[in-house]
Amino acid sequence: ALITRLSRRSPLEVEADHVELFDRGRGTALHLFEHVHGDSRDRGPAMVDLCQTYEAAGLFLAPGELPDHLGVVLEYASTQPPDSAREFLRKFATILKVFFTRLFRRRGPSAGVAAAVLDLHRDICT
């Protein structure tokens with residue numbers, strides 16, 4: 001559904017939809033710690049810990065790239081052995097469920113992508 005929708009819209013419409021869905025408000029933010037910490041002081045130490053996890057595995061982020069972005073979290077998990085990836089993603093299971101639920105309520109095709117992540121790692125949610 002998402003690919004079909006994207007292919008039928010102009011690049012400007014796709015970009016506007018993306019900004020509206022993911023960049024405005026915390027409910028569907030791609031930065032996962034937004035869902036937990038918001039702008040509180042707790043977010044900084046959590047980000048540092050996540051960076052240290054990545055760096056210990058040899059993944060170094062580009063300047064300005066935030067470690068809690070869903071794409072970065074999934075990229076890191078994809079480089080780990082399956083058991084390690086599951087354990088890592090298990091830490092984000094609650095956030096991912098909330099994220100999926102919020103996308104699903106908006107009835108957008110992006111919810112299918114979040115559902116696929118949860119389905120691929122079904123055991124992280126138990």
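This is a predicted model: local features need pLDDT of at least 70, side-chain atom pairs count only at pLDDT 80 or more; totals for chains, interfaces and linings use all residues.

Trainee: Which residues of α4 and α5 meet?

Mentor: On the α4 side you have V73, L74, Y76 and A77, and they meet A85, F88 and L89 of α5. By class, that contact has seven nonpolar residues, with no polar and no charged ones.

Trainee: What makes Y54 and Y76 an aromatic pair, and why is the pair called tilted?

Mentor: Take the distance before the angle. The ring centres of Y54 and Y76 are 4.9 Å apart, and the cut-off is within 6.5 Å, so they pair. The planes are 45° apart; stacked would need under 30 degrees and edge-to-face over 60, so the pair is tilted. Y54 belongs to helix α3 (residues 43-56) and Y76 to helix α4, 22 residues apart, so the pair links distant parts of the chain.

Trainee: Are Y54 and Y76 buried or exposed?

Mentor: Both Y54 and Y76 are buried. They also belong to one aromatic cluster, together with F33, F88 and F92. The total comes to seven aromatic pairs.

Trainee: On to charges. How do you know that R43 and D68 form a salt bridge?

Mentor: Their side chains come to 2.8 Å, N to O. The limit is within 4 Å, so the pair qualifies. R43 lies in helix α3 and D68 in the loop between α3 and α4, so the bridge ties together parts that are 25 residues apart in sequence.

Trainee: And why do R43 and D68 count as buried?

Mentor: Buried means under 20% relative accessible area. R43 has 13%, so it counts as buried, and D68, at 0%, is buried too.

Trainee: What about D83 and R86, what makes them a salt bridge?

Mentor: The closest N and O atoms of D83 and R86 are 2.9 Å apart, and within 4 Å is what a salt bridge needs. Both lie in helix α5, three residues apart, about one turn of the helix.

Trainee: Why is D83 called exposed but R86 partly exposed?

Mentor: The cut-off for exposed is over 50%. D83 has 62%, so it is exposed. R86 has 27%, which puts it in between, so it is partly exposed.

Trainee: Which other salt bridges can you point to?

Mentor: One is E87 with R90, at 2.6 Å, N to O. E87 and R90 both lie in helix α5 as well, three residues apart. Another case is R5, R9 and D17, which are linked in a network. The structure holds seven salt bridges.

Trainee: Last one: why is L61 called partly exposed?

Mentor: L61 has a relative accessible area of 23%. L61 sits in the loop between α3 and α4, and its contacts include C51, Y54 and V72.

Note on methods. Residues are numbered from 1 along each chain as its sequence is written. Side-chain values use heavy atoms; hydrogens and water are left out. Contact means heavy atoms within 4.5 Å. Helices (H or I, at least four residues) and strands (E, at least two) are DSSP runs, numbered from the N terminus. Ala, Val, Leu, Ile, Met, Phe, Trp, Tyr, Cys and Pro count as nonpolar, Asp, Glu, Lys and Arg as charged, and the others, Gly among them, as polar. Rings of Phe, Tyr and Trp (its six-membered ring) pair if their centres lie within 6.5 Å; planes under 30 degrees apart count as stacked, over 60 as edge-to-face and the rest as tilted. Buried means under 20% relative accessible area, exposed over 50%, partly exposed in between (1.4 Å probe, protein chains only). Lists of a residue's contacts leave out its neighbours within four places in sequence.
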